[in-house]
Amino acid sequence: MLPLVVSEVTRETPSIVSVRLASPDGEPLPLWQPGAHIDVQLITRHERQYSLCGDPADAHGYRIAVLREEFSRGGSHYIHSFLRVGSRVWVRPPRNLFTLADAPAYRLLAAGIGITPILAMARHLAAEGADWQMTHLVRRREDIAFASELAALGDRVTTHIGAEAGRLDLAALYAGLEPATAVYACGPQRFVDALDDLAAALPGGAAVHVERFEPKPREHRPNEVFTVTCARSDVVVEVPAQRPMLEALQGAGVPVEGSCLRGICGSCAVTVLEGIPEHRDSLTGDDASMTIYPCVSRSISPGLVIDA
Amino acid sequence: METFDFPSVDLAYLRSTLGEPEAPTTQKIIDHLDENCLAFLAHSPFCCLSTADSAGNCDCSPRGDYPGFVRALDPRTLVIPDRLGNKIADSMTNILDNGRIGMLCFVPGMTETLRVNGTATVTNDPSLMAMLEQDHSVPDLAIVVRTEQVYLHCGRALLRAGLWDPEMQDLAAEVPSSGQIWASTSGWDPTVGDVIDDAMAGAYRSLY
């Protein structure tokens, strides 16, 4: 992990702070593309994923933004209450599970703190001269983060303030899109679920790409014991019914790193060589995928062979 | 076994020997966590809970987790998750019985400790349980503490103990293993102790 320090903490809204992280010796940081996120480990050892929302051309700093959550599991609470300029953090280099694909037109949708990856995308598309539009949903006017940066992007950005304009008609918005338009959306569970449902209900409609903060609710089979043969480590690991596969692998000394442990960040990805995986993560779109996230996923076949 | 009958002193004797605390010592005791105490707690991964039943029978037990695991909901309200343990639940049964608690909180490397005394209840509030999730595990119960006395305890005890001195860790090698202690107190053959030690090494991989 990269040892970084907090170089700026900025209050963006009553409930959002942005934090700039820099290397202590001013060394340039690994590059990233819009949609990328980093895993940030705090001194409390809480590890959380945050989308990068700064300027990719800023090689000396990563900017993230964090919402204050009333029932924070620890990360948001610590960042809002105790993180200071000079605080040390440890960061895994950027990974991108939310990349912008080539498309004739783009529709960006950000709800609340979901603005973070979308802002980086909007800036990139504007610089590329792409055909794009963005809708930013917030509850109240004071909840608009990065207002001046959004204003600088011009009239392609529409802000929808729920308290003033009422509920956005997402179905009408989606139905009005050209099928070739690529939709990129980030926001709370209900918002991205609604979009997923709209896309599922309208085959041939615009392709929807979402990024989630919370795991997608999924039905799954009851947990059963299975074995994992790790081809490279040359070990066979039994995964008990009540234990995650990742924990069993790590317990046996297999080098797989996890981060979110909830199937949303993608850190622990491994390739399945044989067997039928049962995907329980929020990243896999294709059930036949042979990339598995062992923090939540398990096996349909009695055994898996993995490349680890 | 020999029983000892040492003389007991009374309060007057105790006070005449020790004297009274200096005013600044008692003035630092407040009824809530101020900003500095909140910062202390946010970096503390370990504390001891002392509780007693209504008859006054006392108990002290350790609690440890990610730093900041004792969460301040406000300056007078703390929440302590109940993690995987031995199910004896001395602390919680005592709290149900007499509703009072004393806490001693530690920050590794820091010689001062934070003392918190107050009243306590046990809750299963779903929002709090979700908040206290750690490494996939949502607790079933948590202790809620209402503070009455909060103060920083000076560092002499930990300094004298050399508690954070890495070289002091050689002491652990001189103590019988947990398996040996367990086998002995349960009246089992010492070889059972090795089996327990092996089993504990496995069990300790599941912390939540």
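Here are some friendly notes on this two-chain structure, which is a predicted model.

1. **Layout of chain A.** Three domains make up the division of chain A: domain 1 covers 2-96, domain 2 covers 106-211 and domain 3 covers 226-306. If you want to get your bearings, start with domain 1 and domain 3 of chain A, whose centres, taken over C-alpha atoms, are separated by 28 Å.

2. **Where domain 1 meets domain 3.** In this contact within chain A, domain 1 contributes 5 residues and domain 3 contributes 5 residues. On the domain 1 side, strand E4 (47-51) and strand E6 (88-96) of chain A each provide at least two of the touching residues. The make-up of that side is worth a look: 4 of its residues are charged, 1 is polar and no nonpolar residue takes part.

3. **The main nonpolar core.** The largest nonpolar core contains 82 residues, and Leu108(A) and Ile118(A) have the most contacts inside it. Helix H2 (residues 115-128) of chain A gives this core its largest share, 7 residues. As general background, nonpolar side chains tend to be buried together in soluble globular proteins.

4. **Around Leu108(A).** Which residues does Leu108(A) touch, not counting those up to four places away in sequence? The partners are Ile118(A), Met121(A), Ala122(A), Trp132(A), Met134(A) and Tyr184(A).

5. **A second core.** There is also a separate core of 22 residues, and Phe226(A), Val239(A), Cys268(A) and Leu283(A) are among them.

6. **Helix H4 of chain B.** Please have a look at H4(B), residues 90-98, where Ser91(B), Met92(B), Asn94(B) and Ile95(B) are the buried residues. Why do these residues count as lying on the same side of H4(B)? Because the arc they cover around the axis is only 160°. Their cover includes five elements of chain B: strand E1 (46-52), strand E2 (58-64), strand E5 (100-106), strand E6 (113-123) and strand E7 (142-153). Just after H4(B) comes Gly99(B), with a positive phi of about 70°.

7. **Chain B against chain A.** The contact between the chains draws 13 residues from chain B and 13 residues from chain A. On the chain B side, helix H3 (35-42) and helix H5 (126-131) each supply at least two residues, and H5(B) accounts for the largest share, 3 residues. By type, the chain B side that touches chain A holds 6 nonpolar, 4 polar and 3 charged residues.

Note on methods:
Residues numbered from 1 in each chain as written. Chains lettered and ligands numbered in written order. Predicted model: local features only at pLDDT ≥ 70, side-chain atom pairs only at ≥ 80, totals over all residues. Contact = placed C-beta atoms within 7 Å. Helix = DSSP H or I, 4+ residues; strand = E, 2+ residues; numbered from the N terminus. Nonpolar A, V, L, I, M, F, W, Y, C, P; charged D, E, K, R; others polar. Domains from an automatic or database assignment. Buried ≥ 20, exposed ≤ 12 C-beta atoms within 10 Å, placed from the backbone. Arc of directions from axis to C-beta. Core = buried A, V, L, I, M, F, W, Y, C linked by C-beta atoms within 7 Å.
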